Protein chains: 4
Amino acid sequence: MEDLQAIVDGIHAKLQPRLGEGKVADYIPQLAHVDPKKFGITVITVDGKVFKAGDSDTPFSIQSVSKVFTLTLALGKHGETTWNRVGREPSGSAFNSIVQLEHEEGKPRNPFINAGAIAISDLVLAGHTPREAIGEIIRFVRYLADDESIAIDPSVAKSEQATGYRNFALANFMRSFGKLTHPVEHVLGVYFHHCALAMTCTQLAHSALFLAAGGRNPLTGHRVVSEQRARRINALMLTCGHYDGSGEFAYRVGLPGKSGVGGGIMAVAPGKASVAVWSPGLNHNGNSLIGSLALEMLAAETGWSVFD
Amino acid sequence: MEDLQAIVDGIHAKLQPRLGEGKVADYIPQLAHVDPKKFGITVITVDGKVFKAGDSDTPFSIQSVSKVFTLTLALGKHGETTWNRVGREPSGSAFNSIVQLEHEEGKPRNPFINAGAIAISDLVLAGHTPREAIGEIIRFVRYLADDESIAIDPSVAKSEQATGYRNFALANFMRSFGKLTHPVEHVLGVYFHHCALAMTCTQLAHSALFLAAGGRNPLTGHRVVSEQRARRINALMLTCGHYDGSGEFAYRVGLPGKSGVGGGIMAVAPGKASVAVWSPGLNHNGNSLIGSLALEMLAAETGWSVFD
Amino acid sequence: MEDLQAIVDGIHAKLQPRLGEGKVADYIPQLAHVDPKKFGITVITVDGKVFKAGDSDTPFSIQSVSKVFTLTLALGKHGETTWNRVGREPSGSAFNSIVQLEHEEGKPRNPFINAGAIAISDLVLAGHTPREAIGEIIRFVRYLADDESIAIDPSVAKSEQATGYRNFALANFMRSFGKLTHPVEHVLGVYFHHCALAMTCTQLAHSALFLAAGGRNPLTGHRVVSEQRARRINALMLTCGHYDGSGEFAYRVGLPGKSGVGGGIMAVAPGKASVAVWSPGLNHNGNSLIGSLALEMLAAETGWSVFD
Amino acid sequence: MEDLQAIVDGIHAKLQPRLGEGKVADYIPQLAHVDPKKFGITVITVDGKVFKAGDSDTPFSIQSVSKVFTLTLALGKHGETTWNRVGREPSGSAFNSIVQLEHEEGKPRNPFINAGAIAISDLVLAGHTPREAIGEIIRFVRYLADDESIAIDPSVAKSEQATGYRNFALANFMRSFGKLTHPVEHVLGVYFHHCALAMTCTQLAHSALFLAAGGRNPLTGHRVVSEQRARRINALMLTCGHYDGSGEFAYRVGLPGKSGVGGGIMAVAPGKASVAVWSPGLNHNGNSLIGSLALEMLAAETGWSVFD
């Protein structure tokens with residue numbers, strides 16, 4: 001399918017003049033020092049063909065994109081009881097808002113805002129040590145991407161640990177409502193580490209392929225989750241994957257996706273392909289500005305949309 | 001496709017024992033006096049086949065389902081500038097919340113919460129009299145459903161006008177921020193009347209068919225909106241169509257849809273079919289309890305979902 | 001007490017260079033067109049001596065200062081049951097906020113924010129026509145000030161009626177919770193009219209004298225309210241009299257007081273005197289900027305404070 | 001003044017049948033295990049006479065009452081710049097609410113809610129170690145009460161440290177906005193320790209006497225703060241001293257006061273006396289239920305009120 005390579009190349013070319021737009025996350029040095037003009041895109045079709053352009057094989061900090069993987073793990077361990085601990089509604093608020101938590105007694109709205117992902121880390125811990133839980137997460141992502149080289153950047157995790165006051169606030173707040181079962185430090189240890197996963201666009205697209213293919217990795221043949229669960233994770237990404245920019249993303253792109261403040265976005269065209277884009281500059285909702293545009297162009301040119 | 005008729009009949013049969021569950025809207029007598037055990041379902045495939053069961057040809061008050069039609073009209077008149085007046089994000093709040101309006105200076109989050117639909121009524125007015133605007137809306141819905149018998153129930157409109165204090169509050173609040181351009185009474189006149197449209201499941205499914213078929217009514221051949229706009233209206237229904245139960249509906253049903261407090265839900269399986277269900281008892285988010293279940297069963301049994 | 005005249009003259013003189021500071025309320029023409037350099041002050045001691053300076057005998061729109069009079073009337077009619085309809089806590093919010101109303105089901109925090117004063121208007125109506133209730137309020141204020149010339153400015157009332165969308169929003173919102181017993185138009189008719197009372201500083205100080213003298217007008221000898229009720233109205237003015245600037249006013253001035261967007265402030269030094277000041281420019285909380293300063297200077301120079 | 005002893009005895013007698021009402025704070029064992037029927041009251045007039053009844057010489061955990069002392073210390077160190085870090089408005093919210101902090105970027109509304117007192121602890125630290133700051137606070141309270149036996153209960157401090165998740169949330173949240181200058185652990189170390197001060201009603205009344213006497217301890221003759229500052233601390237206690245029950249306390253009691261979840265309330269009748277009461281059962285705002293009643297009776301029978 002040479003067309004898809006042409007489309008990917010075209011997107012890369014058309015976005016060149018705009019690279020550098022947006023605001024790079026600067027709350028830790030490791031994110032602040034990334035070259036704002038980096039741009040990568042990888043598309044992998046469900047039959048295993050890979051189309052890529054730009055810095056698609058440069059690792060970056062996937063940050064909140066990792067929340068899709070920990071949610072999948074938590075659902076595997078706890079099934080539908082996961083939803084006793086976290087809702088599945090868009091929050092209507094910023095990614096790190098604490099207001100909703102006070103009004104709803106410490107139960108986060110969904111697993112993709114910070115508070116919700118912290119609750120999911122608590123579920124992934126499930127009585128294990130943080131080290132064990134982190135190990136399990138890494139193994140799971142390597143398995144999804146079929147790539148043993150994927151690793152956590154320890155300096156990113158350490159920086160988050162040292163300055164992540166807002167996340168300490170969220171975790172302690174939930175703890176005060178009895179909504180965490182492990183010590184705050186353990187839960188945040190897991191959370192900060194999975195956010196510090198470093199991956200390339202190509203690795204990320206690989207790891208999302210099971211969501212584009214009904215829950216089964218079409219390359220390895222391994223079933224990761226049931227077809228129903230794959231659909232439901234896609235639904236959550238569509239309604240909640242971009243914080244208070246989720247409606248906008250659904251409107252413009254029309255594909256389930258999850259963004260991170262490192263500038264990555266992982267998206268899924270069910271039955272067709274998985275996609276990962278990366279560009280560090282963020283828009284006012286904290287989602288990659290150029291990355292969102294790239295996905296909008298891709299959706300427009302391929303006609304991929306869950307809405308027709 | 002006899003299967004589909006069997007599925008529809010099966011849903012009707014399986015839900016019989018549960019009819020009457022939920023809480024019928026009781027803020028006006030016209031809604032309160034509806035038989036809580038009514039249940040109708042109509043599915044129309046894009047090739048025009050109709051499958052129905054139960055009270056699918058009994059008219060009911062479509063209430064907020066009508067917001068999809070007025071949004072479509074407003075987009076036709078004002079194009080993308082519509083979004084200067086109303087956002088397209090899930091609100092994270094109840095259908096009639098005013099809190100978000102205060103924090104965001106009178107601009108509603110999306111066109112499907114009450115405040116947003118009132119802003120859309122203002123846009124549909126566009127300098128005309130309320131009578132003219134209401135006439136235009138009726139003609140549009142009749143055109144979509146290809147059915148000249150569709151009408152507004154004047155007693156419902158009158159009751160809402162007499163007791164709709166919350167909507168008067170929302171409209172006056174927006175007016176205080178300069179966000180309405182017509183008199184509050186005119187805007188609410190339009191709003192209360194389009195909410196008072198009485199339609200059957202079959203009429204409603206007919207009128208939604210263009211959204212299942214890329215913007216064109218496949219039965220008449222008329223193009224209603226562009227393919228892109230159809231996709232985008234579907235996206236809005238998926239992220240915002242069920243108030244603060246939208247995430248739940250996407251998770252369980254996986255189809256774009258819009259509910260009303262009359263107990264109706266209109267849903268779209270893009271490329272496949274449009275659906276309307278009706279059952280008056282509501283869940284705690286104000287969406288039809290049995291209607292939501294019926295759609296969940298339909299999606300499960302047909303495999304229709306935008307997410308795979 | 002020639003000292004007091006000297007103090008009053010001194011305040012007048014010292015504030016001359018600052019007259020015109022602040023932002024004159026401009027939401028209706030009648031307020032917007034007031035000369036921003038007007039300044040008046042009248043102090044009346046409990047033994048009946050009057051000390052005044054500047055434009056102390058020029059009538060101005062007392063606006064929310066009138067809420068003290070309607071609260072006093074409502075307490076006279078309904079006693080402590082008044083508090084079933086309105087709280088007595090500072091709101092922590094702006095004078096016209098609707099957020100708290102949504103969270104607390106339509107019961108306003110206190111009688112001095114707009115919503116609370118609207119609830120009080122409903123209580124003053126008590127089955128009468130708006131005209132009768134307005135007549136009763138005028139008679140009451142004339143009786144307090146012992147001055148038959150006090151009147152409502154009908155053009156102000158009419159303007160508020162035509163443009164007071166926010167107040168229509170508040171009233172309809174409360175109505176939607178069943179918290180008003182008369183038609184919204186009647187309640188707001190009373191509310192807009194009492195806010196449109198035009199009074200001079202001297203008239204206003206006269207009318208507040210009963211609150212400085214244990215509930216009895218020391219000039220006429222008439223008991224207006226019990227000693228306990230006078231204390232309690234003073235307490236409400238101190239904690240809630242200046243919206244979300246009430247703490248600031250207590251900190252700086254240390255006297256119970258009530259402000260209005262017309263630039264007036266009525267204050268009480270219990271056992272000593274009543275005071276009224278007027279200067280149209282408002283601070284960011286909607287209280288008279290120069291008027292607040294004048295009262296701070298008066299308190300500092302006389303040593304009047306409830307806090308020592 | 002034998003009358004005052006009779007009044008105090010009468011209050012003690014009349015409240016006997018109600019002792020045990022309210023809900024004892026139970027979030028740490030040290031508070032939960034206090035006998036709910038304890039009741040003490042001490043009144044000290046500005047001329048040094050002491051009137052007391054009940055358990056007035058039994059030490060209890062003063063908790064938030066201590067915030068008055070740390071505020072006084074912070075004002076001594078930082079003067080009016082203290083108000084750059086904390087406001088002086090009633091919050092309209094519960095003592096431990098975090099919502100306002102999010103809306104106002106980490107600046108607490110006043111020094112008497114938890115967040116505000118934590119900011120004050122940061123100011124008291126002023127570059128010192130927590131141990132030094134805690135030592136300074138103890139010395140200051142001993143000086144105020146002229147009693148070297150006053151001490152902190154280390155088991156209370158330790159329990160709060162181990163379970164005070166909500167306060168950890170508040171502190172980390174403020175830290176995330178750059179509103180704390182010392183490490184969260186240090187700031188909370190100071191905060192938890194000053195809240196763990198154990199004092200008797202008599203000691204507490206002694207330590208508040210300077211606020212009743214224009215800033216000077218009338219027994220020792222030491223000036224603690226200027227007259228103006230004493231007035232202003234009283235103003236803050238009146239508007240903010242009882243969380244979202246402050247308006248109620250002003251209405252019913254009419255005296256500046258500060259409550260703590262240990263069941264203590266310290267109050268001031270300017271120019272007349274200081275008072276401390278203690279009864280562990282709390283009302284729904286977290287203030288001593290019987291203690292509030294005792295002060296209401298005292299105010300009614302002595303005629304003490306700042307409002308007449």
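Because the model is predicted, local features need pLDDT of at least 70 and side-chain atom pairs count only at pLDDT 80 or more, while totals for chains, interfaces and linings use all residues. Residues are numbered from 1 along each chain as its sequence is written, chains are lettered from A and ligands numbered from 1 in the order in which they are written, and side-chain values use heavy atoms, with hydrogens and water left out.

Let's start where chain A meets chain B. Here 31 residues of chain A are in contact with 32 residues of chain B, where contact means heavy atoms within 4.5 Å. Together the two chains bury about 2900 Å², with 55% of that coming from carbon and sulfur atoms. (Buried area is the accessible area, taken with a 1.4 Å probe, that two parts lose on being put together, summed over both.) On the chain A side, Arg88(A), Tyr251(A) and Phe307(A) lose the most area to chain B, together 28% of what that side buries.

What holds charges face to face here? Between chain A and chain B the count is six salt bridges, a salt bridge being a side-chain nitrogen of Lys or Arg within 4 Å of a carboxyl oxygen of Asp or Glu. One of them joins Arg232(B) to Glu296(A), at 4.0 Å from N to O.

Which parts of chain A do the touching? Helix H11 (227–240) and helix H12 (246–252) of chain A each supply at least two residues to the side that touches chain B, and the largest share, eight residues, comes from H11(A). (Helices, H or I with at least four residues, and strands, E with at least two, are DSSP runs numbered from the N terminus.) Sorted by type, that side of chain A has eleven nonpolar, eight polar and twelve charged residues. For this sorting, Ala, Val, Leu, Ile, Met, Phe, Trp, Tyr, Cys and Pro count as nonpolar, Asp, Glu, Lys and Arg as charged, and the others, Gly among them, as polar.

Now hop over to chain C and chain D. This contact takes 31 residues from chain C and 31 residues from chain D, and the two bury about 2900 Å² between them, 55% of it on carbon and sulfur atoms. Arg88(C), Tyr251(C) and Phe307(C) supply 28% of the area that chain C buries against chain D, more than any other three residues. The salt bridge count between these two chains is six. In one of them, Arg88(C) pairs with Glu248(D), with the closest N and O atoms 2.9 Å apart.

Next, the rings. Over all chains the structure holds 25 aromatic pairs. Rings of Phe, Tyr and Trp (its six-membered ring) pair if their centres lie within 6.5 Å; planes under 30 degrees apart count as stacked, over 60 as edge-to-face and the rest as tilted. Why is the pair of Phe60(B) and Trp278(B) stacked? Their ring centres are 4.8 Å apart and their planes are at 10 degrees, so the pair is stacked. Phe60(B) lies in strand E4 (residues 60–61) and Trp278(B) in strand E9 (residues 273–278) of chain B, so the pair ties together parts that are 218 residues apart in sequence. Phe60(B) is buried at 5% relative accessible area, and Trp278(B) is buried at 3%. (Buried means under 20% relative accessible area, exposed over 50%, partly exposed in between, with a 1.4 Å probe and protein chains only.)

Compare Phe168(D) and Phe192(D): their centres are 6.0 Å apart and their planes at 50 degrees, so this pair is tilted. Both Phe168(D) and Phe192(D) are buried. In chain A, Phe168(A), Tyr191(A) and Phe192(A) form one aromatic cluster.

Finally, two single residues. Phe168(B) sits in helix H8 (residues 165–176) of chain B and counts as buried at 16% relative accessibility. Leaving aside neighbours within four places in sequence, its contacts include Phe192(B) and Asn172(C). Thr200(A), in the loop between strand E6 (197–199) and helix H10 (201–212) of chain A, is buried at 6% relative accessible area.
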